[in-house]
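Let's walk through this structure together, one part at a time. Please keep the sequence and the 3D view side by side as you read.

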Amino acid sequence: MTTPDQYNERPSVAPHTGTTATRDFILQATGITKSFGGVHALKGASMTMRRGEITALIGDNGAGKSTMVRCLSGIHRPDSGEILLDGKPVTFENPNAAIQQGIETVQQNLALVEDLTVWQNFFLGREKTHGFGPFRTLDRKLMKQTAADLLKNLAVNVPPVTSKVRRLSGGQRQAVAIARAAGWGSQIVIMDEPTAALGVQETARVEGVIETLRESGVAVLLISHNFDQVMRLSDHVWVMRAGMAVAERRSAETSGDELVALITGAKAA
Ligand SMILES: Nc1ncnc2c1ncn2[C@@H]1O[C@H](COP(=O)(O)OP(=O)(O)OP(=O)(O)O)[C@@H](O)[C@H]1O
């Protein structure tokens with residue numbers, strides 16, 4: 001039987017050749033390499049994500065998590081390897097190409113414009129219009145209503161969508177960024193340390209939004225250094241070490257101690 005841990009020992013073996021049916025995976029990355037000059041950030045890393053699950057990606061500083069995320073979100077082009085989305089090979093020339101394929105990334109800096117309102121941020125670069133030709137105008141009413149509905153569906157309690165982002169708390173901003181990512185019909189939402197800068201209450205609120213996202217069938221990739229959060233929220237955990245994804249565990253079947261041992265290499269995968 002091919003176990004996930006073996007994928008990385010034999011990167012040429014695609015995850016979808018294992019015993020889990022390909023259709024279970026929304027994403028399969030196989031043998032991804034990426035170097036920056038002499039720095040080999042990814043050395044043939046392979047990982048998978050399933051629909052309607054939260055997959056955590058953990059590892060020490062410099063393990064390659066952000067580089068993997070950037071390859072999946074079109075910021076970097078892998079030097080080699082294959083990414084399958086819904087079973088089909090994809091390549092992303094740029095972040096827009098990943099977005100077109102249904103992969104949204106909530107960056108650490110959130111990429112929200114402070115001086116615009118919540119609804120304007122939702123539709124930044126993707127504005128809805130009505131009318132034709134020279135009579136075409138922005139459909140503000142539709143955009144406001146859509147943004148409000150999305151926030152409501154995700155049970156996000158933020159001030160009216162006409163509020164400027166500048167007025168929102170850290171947790172509210174994070175929730176808006178997640179709701180925006182979810183609202184564009186994405187199949188996968190990638191989140192890099194979504195609660196790192198938040199207090200206890202705001203963290204709980206954002207975690208609630210992430211869980212709602214999972215319930216709606218979206219696959220979430222959560223990069224987090226917070227072990228409690230990883231154990232609480234995720235369904236599967238991939239552990240990265242020195243440019244490789246060295247192990248996958250079901251979150252319910254592992255422990256913080258085992259994950260630490262896998263991260264440091266004290267325990268073989
Ligand atoms: N643009 C870049 N240019 C040069 N080296 C890079 C670049 N991006 C990443 N690296 C290097 O690649 C390696 C992996 O970095 P990466 O940021 O992917 O790790 P990480 O697991 O996300 O770490 P952290 O938890 O600290 O964010 C590190 O040695 C890093 O210095």
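Which residues are exposed on the other side of H7? They are Val-200, Gln-201, Ala-204 and Glu-215, where exposed means that 12 or fewer other C-beta atoms, placed from the backbone, lie within 10 Å of the residue's own, buried means 20 or more, and partly exposed is in between. Before going on, note that this is a predicted model, in which local features need pLDDT of at least 70, side-chain atom pairs count only at pLDDT 80 or more, and totals for chains, interfaces and linings use all residues. Residues are numbered from 1 along each chain as its sequence is written.

Now look at the buried residues of H7: Arg-205, Val-206, Val-209, Ile-210 and Leu-213. They sit on the same side of H7, because they cover an arc of only 140° around the axis, taken from the directions from the helix axis to the C-beta atoms. Their packing partners are strands S3 (54-59), S9 (188-192) and S10 (219-223) and helices H6 (170-183) and H8 (227-233), with contact meaning C-beta atoms, placed from the backbone, within 7 Å. Just after H7, Gly-217 has a positive phi of about 100°.

Next, turn to the ligand. Among the residues around it are Phe-36, Val-39, Gly-64, Lys-65 and Thr-67, each with its C-beta atom, placed from the backbone, within 6 Å of the ligand. Strand S2 (39-50) and helix H2 (65-72) each give two or more residues to this shell, and H2 provides the largest share, three residues. Helices (H or I, at least four residues) and strands (E, at least two) are DSSP runs, numbered from the N terminus.

How values were computed: Two residues are in contact if their C-beta atoms, placed from the backbone, lie within 7 Å.
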